[in-house]
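Here is my notebook from an afternoon of looking things up in one protein chain. Follow along with the picture open.

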Amino acid sequence: MSGKQLCVVTGASGGLGGAILRQVNLLYGREAHIVAVSRNPDKVKENCRDFSSSVDHVSVDFADKTNLLSRCEAVFRLCEGVEFRRVCLYNNHADVGDVSRLVSDMDNVDVLQDYFFLNVVSFQILTTAFLKSFPGIPHVAVNVSSLAGVKPCLLSPTTARARQPG
């Protein structure tokens, strides 16, 4: 794999992450080594069976706060000892939450903290582990999220339905 491009794609079992995974394979083909990260590695394997790129499948639940940094570092240790010409992270594992709830019903601090952890903190932890794992190698980190991850908007569970029903 020496001289290949490493592409790490989170949320790779479907949706936007699955589309990114397919595009990376089409764009780089045999010149890429892909690490597909999701909570559902069986679905990722199914999606990747006809790929020309080499693919490792890793199961990580970014909502699980237990040892998240260690689990992120383990993803990148899969590639130790391999020389890459460039490394790319396509970080797409967010969740918009329950948009059917009214703001007046969002009083559970644990739910709000879990949402913030998944959509903001885990992105930072994964990006930090990525950058530390590949010093001196040209890199690109793309953190994909809805606007709900960075500012209040109609998709945020805390502002989704601020008006009173009726």
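**A salt bridge and its ends**

I began with Lys 65, which is partly exposed at 41% relative accessibility. On this scale, buried means under 20% relative accessible area, exposed means over 50%, and partly exposed lies in between, using a 1.4 Å probe and protein chains only.

A note before going on: this is a predicted model, where local features need pLDDT of at least 70 and side-chain atom pairs count only at pLDDT 80 or more, while totals for chains, interfaces and linings use all residues. Residues are numbered from 1 along each chain as its sequence is written, and side-chain values use heavy atoms, with hydrogens and water left out.

What does Lys 65 form a salt bridge with? I found Asp 114 as its partner, with the closest N and O atoms 2.9 Å apart. The pair links distant parts of the chain, 49 residues apart: Lys 65 is in the loop between β3 (54-59) and α3 (68-77), and Asp 114 is in helix α4. Helices (H or I, at least four residues) and strands (E, at least two) are DSSP runs, numbered from the N terminus. Asp 114 is partly exposed too, at 40%. A salt bridge needs a side-chain nitrogen of Lys or Arg within 4 Å of a carboxyl oxygen of Asp or Glu, and I count one in the structure.

**Cysteines**

How many disulfides are there? My search of the whole structure gave zero. A disulfide is a pair of cysteine sulfur atoms within 2.5 Å. The sulfur of Cys 88 has its closest cysteine sulfur in Cys 7, but at 4.7 Å that is too far for a bond. Cys 88 is buried at 3% relative accessibility, and Cys 72 is buried at 0%.

**Phe 134**

Next I looked in the loop between α4 and β5 (139-143), where Phe 134 is found. Is Phe 134 buried or exposed? Its relative accessible area is 6%, so I wrote down buried. Setting aside neighbours within four places in sequence, I see Phe 134 in contact (heavy atoms within 4.5 Å) with Leu 6, Phe 76, Cys 79 and Val 87. I also noted that Phe 134 and Arg 86 are 48 residues apart in sequence and 9.2 Å apart in space, C-alpha to C-alpha.
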